[in-house]
Amino acid sequence: MKIKDHINERTKIVLYCHNRIGLGHIVRSSRIAKKLYDSGRFSPVLLTGCRALDNIAIGEGVLVEKITPIPLDLYASNRYEILEERVKQIKRFIKSYSPEIVVVDTIPLGYGKELRSILLEAIEDKWPSTFVLGSPYPPDGGFDLILKSPKDNLALSAFEYGMKYTDEEWEVELDELPFVLKNIGSIIGPPPPISEVNSNVILITGGGGAVSASLLEPLIEGTRVYREKGYHVRFVVGPLADFEAMKVVAEPYEDFELISALTVEEAVKDAKIVISRCGYNTALSLIRTDLPIIFVPYYKLETEEQFVRARHMTTYKNVQMVNPFEEHLGMKIEEAISIALESKREKRDVTFSINGTEEAALYLTEIANQMNEDIIENNNIIKNLL
């Protein structure tokens, strides 16, 4: 199906998401887009440069407008040229498609502020699109740290609505936002399947993949004694990782298996315990299993979302966190595995909302309805003036 063939009676909505090292943005956006399409009210389009689209479940009726992927290497020689190219692609598409609503995932000004000039033009030329921010967590240090100039603040004023993809309180000031962030709840998929009771698999999930490699050598070391005892280690490498390079490192080790691009839901069917990064989607899937979990978050500062999330997840039963910057990391992992293997499987009573996808669709429907009412009111005003 081509963009121009979309159902004219539906509200056109574009969901922008960037994906450089992970898949969280597009997974959330695709889940919301599918719910929007199924409602019968919307024609959703994902606007993305994700390099792993073939590994993402894009629902029937959801279209994709592809833009140039962001380089994995932050120091790539053509990085700025690609960002300039993306700005042109995004602007050209939004202007030609003219969606009623544009939802921006996580970063209001886009990756590398690539949306700033687009938002400024939308304000100046009075584009018909309404901009909505959808955020699963605040930027590290708060929104004020990414709003460093008058132009940044002006561009942010293009947003009229916001959605918070969690029901947790944020320890940041939100006064700098010119709109209210409505609590939506977690954007999650279907519940994971029940795992095989007699499994001897120590499952490792690396998230989207680009930060999987740094886990490999510590986990080879940390699982050695358990592999010698007959446990099988299965490392699920995300689609953004360099699988071949990781395979070269892991190949000499017996009972240490690398699998490419299996989803968390598929992987947990055969697992005794799980060791994992702590990205938004991965964590929310794993915490709804009854498996003992060891989170090894990817972060640089302890205020970053994976560290904060992992620390919070340890309040649930049978959940541990190992800090990847601790000394003797392999030994720490080995100790955590010992505790996990001795733990009984127990269902966890999650305290977060599991209806975020539905709530997001309902809120966007409210916004679309309000837009229609405003159009009708403006038309009536014009008629009365004639």
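User: Why does Ser98 count as partly exposed?

Analyst: This is a predicted model, where local features need pLDDT of at least 70, side-chain atom pairs count only at pLDDT 80 or more, and totals for chains, interfaces and linings use all residues. Residues are numbered from 1 along each chain as its sequence is written, and side-chain values use heavy atoms, with hydrogens and water left out. Ser98 has 28% relative accessibility. Buried means under 20% relative accessible area, exposed over 50%, and partly exposed in between (1.4 Å probe, protein chains only). Ser98 therefore counts as partly exposed.

User: Where is Ser98 found, and what is its phi?

Analyst: Ser98 sits in the loop between helix H2 (79–97) and strand S4 (101–105). Helices (H or I, at least four residues) and strands (E, at least two) are DSSP runs, numbered from the N terminus. Phi of Ser98 is near 50°, a positive value in a residue other than glycine.

User: What makes Lys126 count as exposed?

Analyst: Lys126 has 70% relative accessibility, so it counts as exposed. Its loop runs between helix H3 (116–124) and strand S5 (130–135). Lys126 is not a glycine, yet its phi is positive, about 55°.

User: How many helices and strands are there in the chain, and why is the chain called as compact as a globular protein of its length?

Analyst: The chain has 12 helices and 13 strands. Its radius of gyration is 22 Å, close to the 21 Å that the globule rule gives for 386 residues, so the chain is as compact as a globular protein of that length. The radius is taken over C-alpha atoms, and the rule is 2.2 Å times the number of residues to the power 0.38. Buried residues make up 52% of the 386.

User: Which residues have the most contacts inside the largest nonpolar core?

Analyst: They are Ile101, Val103, Met163, Phe295, Met313 and Leu364, in a core of 55 residues. Helix H12 (residues 356–385) gives the largest share of this core, seven residues. Another core, of 35 residues, lies apart from it and includes Leu83 and Phe131. A nonpolar core is a set of buried Ala, Val, Leu, Ile, Met, Phe, Trp, Tyr and Cys residues joined through side-chain atoms within 4.5 Å.

User: Which residues is Phe295 in contact with, leaving aside its neighbours within four places in sequence?

Analyst: Among them are Cys278, Leu286, Met313 and Val322. Contact means heavy atoms within 4.5 Å. Across the chain, among contacts between residues at least 6 apart in sequence, 73% join residues at least 24 apart.
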